[in-house]
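Thanks for coming. I have one structure today, and I will go through it piece by piece. Please look at the sequence and the fold before I start.

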Amino acid sequence: MRVVVIGAGVVGAAVAVGLAERGAEVTVLEAVRPGAGTTGTSFAWVNSANKEPEHYHALNHAGVRAHHAFAGERAPWFFPTGNLEWAVTDRHRSALAARMERLHGRDYPARWLTARQAQELEPDLAVPGDDADYAFFPEEGHALPLVLLARLLGEARDRGVQVRAGSAVVGVDRAGAGAVVTSVDGVRHPADVVVSCSGRRTSGVARWAGIDVPLVDANRAGSAAVGFLATTEPVAVRLSRVLTGSRLGVRPEGGGRLLLQGLDLDARADPGRPVDGAVAAELLVRLAEVLPATAGVPMAALRIGQRVLPADGLTVAGFSDPDAWFYVVATHSGITLAPLLRRLVADEVFGEESALLTPFRPGRFRDGAGAVAQPARQPGEQ
């Protein structure tokens with residue numbers, strides 16, 4: 001079977017490996033370079049605790065477990081040190097309590113902590129005491145996206161996958177029982193099956209196959225699909241895991257650097273304008289409130305990430321029609337799901353339907369159904 005995968009981000013690379021493992025002849029076409037899209041601007045938190053509805057939670061929980069299995073005992077891209085969340089606002093505390101109750105009913109690893117227990121996990125954490133609730137999700141973790149991508153692309157190439165950077169796709173045409181994919185250099189790539197993992201280009205690529213996969217506009221200021229992502233200079237602070245609070249999310253980025261986000265600030269994000277320096281200053285203030293040892297650390301970079309967010313907020317995965325020649329994947333949970341999609345998408349391309357993916361078919365958007373506005377995220381929402 002000849003398969004063309006469109007997109008060499010972490011999802012496209014994972015799918016390519018899975019297909020090659022099943023014996024497919026795979027070509028990956030990447031518009032710029034591997035990781036140049038959403039993969040390179042992800043907070044990369046591997047999680048499922050706040051994914052709703054329940055079938056989306058189940059899919060992401062399977063993704064968390066797939067990370068553990070793929071990484072084994074130790075891997076340079078995955079840090080399964082858990083997520084420590086603390087809530088200080090009434091809204092966040094109420095949401096966290098409701099979530100913990102749901103998760104206990106689903107047997108998802110989650111437990112309440114005292115302030116002392118939280119500080120035992122993270123000794124440099126500033127603990128506000130009785131004004132905060134603490135929860136710990138031990139199965140979760142974070143990934144270094146480009147290190148993960150390098151592993152996946154390396155495996156893909158080892159299995160004979162052809163990865164072509166600078167090969168933006170300019171057309172997908174039906175041809176016999178399959179298709180021909182044309183890249184910007186004029187090369188035509190015949191395929192029995194085309195798999196779109198094209199990120200923010202998904203809507204346009206899917207239209208070539210005659211289907212509608214609407215995404216939240218990642219070019220609009222204040223959209224739920226845009227948000228700030230900040231990286232500090234190296235700092236001597238003890239931090240081992242993802243911390244998520246009412247005003248800040250932070251995790252280790254490697255080399256002593258920290259990666260920051262403040263979800264309530266994302267309404268200011270505008271991909272069409274220079275990054276607001278006031279946001280960087282505010283994030284550093286919040287960081288010092290959480291980890292006092294970081295006071296005075298400079299900001300190395302502040303970027304605006306553009307997320308791949310389907311219009312109803314849920315993953316898209318499936319064939320465009322019963323002829324099974326065009327398969328589309330689009331997800332806001334790409335880092336969490338990539339090792340799982342490696343297997344599930346390959347199985348489906350080879351005719352083995354996945355019950356986990358059944359609720360996420362692209363046909364749900366037919367005639368405009370399923371497309372709803374996505375509100376800006378709130379603290380504790382990922």
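One term before anything else: a residue is called buried when its relative accessible area is under 20%. The model is a predicted one, so please keep that in mind throughout.

With that cut-off, take strand β2, residues 25–29. Of its 5 residues, 4 are buried, so β2 is largely enclosed by the rest of the structure. Its partner β1 runs parallel to it, and the two pair over 5 bridges. Within that pairing, Val3 has Val26 in β2 as its bridge partner.

What does Val26 touch, once neighbours within four places in sequence are left aside? The contacts are Val3, Val5, Ala16, Leu19, Ala20, Gly160, Val161 and Gln162. Val26 also belongs to the largest nonpolar core, which has 52 residues. Val26, Val5, Leu19 and Val195 are the ones with the most contacts inside that core. At least two core residues come from each of several elements, including β1, α1 (10–21), β2, α5 (145–158) and β13 (193–196). Helices α2 (54–71) and α8 (334–349) are also on that list, as is β20 (326–330). As a general remark, nonpolar side chains in soluble globular proteins tend to be buried together.

Now α2 and α8. Their axes come within 7 Å and cross at roughly 80°. The two helices are therefore roughly perpendicular to each other. Which residues meet there? On the α2 side they are Leu59, Asn60, Ala62, Gly63, Val64, Ala66, His67 and Phe70. Facing them in α8 are Ile335, Thr336, Leu337, Pro339, Leu340, Arg342 and Leu344.

Two of those residues, Leu59 and Leu337, are also contacts of Thr315. Thr315 sits in the loop between β18 and β19 (316–319). Is Thr315 buried or exposed? Its relative accessibility is 0%, so Thr315 counts as buried. Its side chain makes a polar contact of 2.7 Å with the side chain of Thr331. Beyond four places in sequence, Thr315 also touches Tyr56, Ala330, Phe360 and Arg364.

Next, the sheet. How many strands form it, and in what order? There are 8, in an open sheet with mixed pairing, ordered β6-β7-β5-β15-β16-β17-β14-β18. The edge strands are β6 (111–113) and β18 (299–306); each has a single partner, so one side of each is left without a neighbour in the sheet. From one strand to the next, the twist averages 25°.

Inside the sheet, β5 (residues 83–87) and β7 (residues 133–137) are antiparallel, paired over 5 bridges. There, Trp86 stands opposite Tyr134 in β7. Two helices pack on this sheet. Helix α3, residues 90–105, touches β5, β6 and β7, and its direction makes about 35° with that of β7. Helix α7, residues 277–290, touches β5, β14, β15, β16, β17 and β18, and makes about 110° with the direction of β18.

Last, a hairpin. Strands β10 (residues 169–175) and β11 (residues 178–183) pair in the antiparallel sense over 6 bridges. There are 2 residues between them, and in the turn Gly176 has a positive phi of about 60°. Ala175 stands opposite Gly178 in β11.

That is what I have; I can take questions now.

Conventions
Residues are numbered from 1 along each chain as its sequence is written. This is a predicted model: local features need pLDDT of at least 70, side-chain atom pairs count only at pLDDT 80 or more; totals for chains, interfaces and linings use all residues. Side-chain values use heavy atoms; hydrogens and water are left out. Two strands pair if DSSP finds at least two bridges between them. Axes are lines fitted to C-alpha atoms, for helices over the stretch in contact, and angles run from 0 to 180 degrees between N-to-C directions. Contact means heavy atoms within 4.5 Å. A nonpolar core is a set of buried Ala, Val, Leu, Ile, Met, Phe, Trp, Tyr and Cys residues joined through side-chain atoms within 4.5 Å. Buried means under 20% relative accessible area, exposed over 50%, partly exposed in between (1.4 Å probe, protein chains only). A polar contact is a pair of N or O atoms within 3.5 Å; within protein, one must be able to donate a hydrogen and the other to accept it, and residues adjacent in sequence count only if both atoms are side-chain atoms. Angles under 35 degrees count as roughly parallel, over 145 as roughly antiparallel, 65 to 115 as roughly perpendicular and the rest as oblique.
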